[in-house]
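Have the structure open as you read.

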Amino acid sequence: MNNEKASFATHSFRRPSRNERGAALATSLIILSLLATISMTVLAVVTHESRIAGSDLQRTQTFYAAAAGVEKMTSDFSNLFARTSKPSTYDLDNISNSYPVELTGEGFSFSQSLAVDASQAGRTVTIPTGAFAGLLASVTPYLLTSTATQAATGTQVSLQRKVNNYLIPIFQFGMFSNEDIELYPLPSMAINGRVHANGNIYASANTSLTFQSKVTTAGEFITDVWRNGTGLGYYHVFMNVGGTNVPITMGSMVNGPNITSAQTGQRGYWPGSPNGTVNSSWNSTSVAAATGAANQFGGQLLTGSTGGAPLLLPMQLEGNLTREVIKRQLPTDSEILSDSRYHTKAAIRILLDDETTSTADAAGIPTGMGVRLSTFDPLALPNANPSSGGGRALWRINDSGAYTDTSTTCVLQTNGGTASQADVVRGVKAVSVNSPNGIKIPSGAGITGRILIQIVDSSGVARDVTAQILSMGVTEGEPNGIVMLQRPLWAAFTQGMRDASISTGTNYLTYIQNSTYIGADGEIKIDSTHPTLDATHGYMLNIADDTVSGQPTRADSPPSNAIATLMSGTPGPNWPSWNAIVPINVYNVQEGCISNAMSQNVVYERGITNVVELNMRNLARWLDGVYDTNLLAGTNAVSTNITKPDGYTIYVSDRRGDKVKTFTASGSTVTATNGMADNEDIYGPNGLLDPGEDIQETGGLVKDVTELPDPAALVGIYGTDRTKRAIAVAAWTNPANYFRRSVRLFNGENLQVSGASGKLSSTLGISVSTENLIYIWGNYNTTGINAAPPSGTAALNDPAATYHYTGNQVPTSIVADAFSPMSKTWFDSSSAMYPDTSTNRLADLNLLTVGAETSVRAGIIAGNNMSALAGTPDQGNGYESRLNGGMINFPRFVEDWYTVSRRWNYVGSFIPLFHATQAVGPWSYVSPYIIYQPPIRDWAFDVSFQDPTRLPPATPLFQHLEPTGFKQIL
């Protein structure tokens, strides 16, 4: 132990050597160096991480700045398209140059662009998402790009969003309404097309109503009350989802859509509609996956609170009312409004005005254009002497363009006793004159007015072809006539497309027109047995040609059409006045007798509608070029001068009797006719604006009895003789010049001529538009259906379907103020003979087969009446007070279909786009049912409209915006 202690003591206090001190210093320095290196490394790492974190923050901030730029552009873009469908480059630049102001003040700068994605524009696509998913649309994609830069650091982020502007064809809906849809069928009814309302949908059924396709509404779905507030005790409504009929036992609101405390823009703001409360379970239950349980539709029924949205036409975005689509052009029109009008779209335009020129009428026929009917003499077509092949307008021409008459079979003119070839058609004016070839032109009905018939070519050049088209014929029966303005009196008592007296009968106009030469001279045989009238219904029988042998010969002057003269004698055999020439008039009971409290066995003058009739078969032949090498050769009226961008569009506007007034249009004051019958006072009449009367949407009562009188009986000396009263209506010349005008489509069963390429065919069709009431007489664009479908089902426009439509089809639409179907056996004098009972106006009388039923195949845009809450005064309709009849009465029937269990077969698309402003008579259906009795409604959506190549010409397009998510551009 002592040695160890000593040793320690000696080591501890020993002085170190010089070499040992140097090694220790070096080691210390090395350690310090290593520590410094480690410290620097740690500091560098920390600094780098801090910089990364700072960079991420700057990028995140800049990303959100760019996102804000995209969102602002999207909002501004949506607002722009709420005003216009055709934004200018200036409009788009304005949006792209408008940055988020808050962020520019925070040190961010922006570079933005907004432009059409030209590589994807103009395609037809199926909308993939949203309330309108599944619809075909033309798409214009816009690319919105926003690049944000943080000024302090230079950090930059670019984001891009695509916004699809869809244009959706209106005829893809089985039913569409710009306001409410009302569906109250009594028998079972199934709707196979999509349904949409910009207002509310009221749906209930006595038996069953089944929606087989998607239903959307921007408002509410109401099942427990009618539009007038009448409470219901039944539903019986179903939504077919995946083959299962899901019961609809509740609506989105209870008792009605209007919430009394709601303000404009809020849910429940439906003033004038029934008051109700929100159904709190609707939003969750109705969109739940469909399991078969009631009220779970899996997105097949959407209301405003579950994703439904309005669909608007581009013209609506500027604040224009939808009825403007059928009105005439005005000099104040914007480009969008002008482009939306059928008048602008039409390649054939037929305008009629009062004969006295009003230089103040901004909507009138331009000075120097068209002709005055009181002075017009028809031309010889072709324009040459008969000896040189001219003057053949009364010769029959087949569909190949060849004459089937010769100089030995054609119509002769008495010509003062020296019979010669009749070289022109009958005139309209009241006096007979000579043609340039010295041959008599017999007088007509004495109709007055100015008329312009204009065609437009592919370069937009308009040509006045009035004289040429009128010279093809204006009188029913003339073989090549297109625009009919008058007829022989006997034709007013003749059935349209079928003879009800016997299955092989030939006493009907299409047979006379298409298969005989009886009507070419306008004269029938009159003797002790010809003609006769059916004792029960009043239609004409025993119609025979007045030509016993040789050629038909036309009298130089027809019998007098003066009503006083026509009231003498006994209408029937041996009555010479049957060959008098009269206007084409139809008494419309709904327009005449506007209240059930009025006397019913009366013809009210306000209900007499004067008709411009289109012979649709001859119109189709004109468009197909049948007349190019014969009657119209060498004239401007040849078919090659008529443009057909997506088919042919025809526009007719008869404003005779419409008074020139001063009003505001597109923000400017204009002086013009307005195309509306300015008397809204249909309830009472009492001189007050009652609910349901404000169809012009002015907020005040519009009442001008010089345009449309309050009800007053037709003055005449016919006494109680129903036949003579009908004759007085047929010869009525509208002495007070009331605004009571209409158009009729006739002889339109087959609108295909050759079906060849570039001609009318299954992909090239005709749309007829008018601002007047339109009648559709008999079959249109179909020969009928192959067999009768069971109750609750419908025939389809699909040849593979068990029950389907037959005959040639072209894409067709009919656009009008309102529309009235007439059965094949309708004759015009029936309503004037029997205004007090529709039972004597039986539709499709004595029907033998299903194939002989009346059928129509066309998309239809028209007006309806305005529904309102029940009240007095009204039309005397009981618990249906102030209703418009709903979609099932969108067609304004004029006959009794119910008593004889007749179907009216229809396939197409029903679009009540506005309120009728000419056909203003209220809907009524109470005993004794003087207006109509309903048909069996064999109605279906035309599935061919889902093919964009088979849409009718000039189909209106809705605008719908769908933004996508945005992406970062790296």
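## Around Phe 493

Start with Phe 493: setting aside neighbours within four places in sequence, this residue is in contact with Leu 533, Gly 538, Tyr 539, Met 540, Trp 578, Thr 723, Ala 726, Ile 727, Phe 827, Ser 829 and Met 833. Keep in mind that this is a predicted model.

Phe 493 belongs to the largest nonpolar core, which has 165 residues. Along with Phe 211, Trp 622, Tyr 780 and Phe 910, Phe 493 touches the most other members of that core. There's also a second, separate core of 37 residues, with Leu 302, Leu 337, Val 815 and Ile 861 among them.

## Helix H13

Trp 622 also sits in helix H13, among its buried residues. What about the rest of H13, residues 616-623? Eight of its eight residues are buried, so the helix is largely enclosed by the rest of the structure.

Now look at the ends. At the start of H13, a side-chain oxygen of Asn 615 comes to within 3.3 Å of the backbone nitrogen of Arg 617. After the helix comes Gly 625, with a positive phi near 90°.

## The whole chain

Zooming out, the protein chain has 15 helices and 47 strands, and its C-alpha atoms fill a box of roughly 175 × 65 × 55 Å along the principal axes. Of its 970 residues, 58% are buried. Among contacts with a separation of 6 or more, 71% join residues 24 or more positions apart.

Key. Residues numbered from 1 in each chain as written. Predicted model: local features only at pLDDT ≥ 70, side-chain atom pairs only at ≥ 80, totals over all residues. Heavy atoms only, no water. Helix = DSSP H or I, 4+ residues; strand = E, 2+ residues; numbered from the N terminus. Buried < 20%, exposed > 50% of the residue type's maximum accessible area, 1.4 Å probe, protein only. Contact = heavy atoms within 4.5 Å. Core = buried A, V, L, I, M, F, W, Y, C linked by side-chain atoms within 4.5 Å. Polar contact = N/O pair within 3.5 Å; in protein donor to acceptor, adjacent residues only side chain to side chain.
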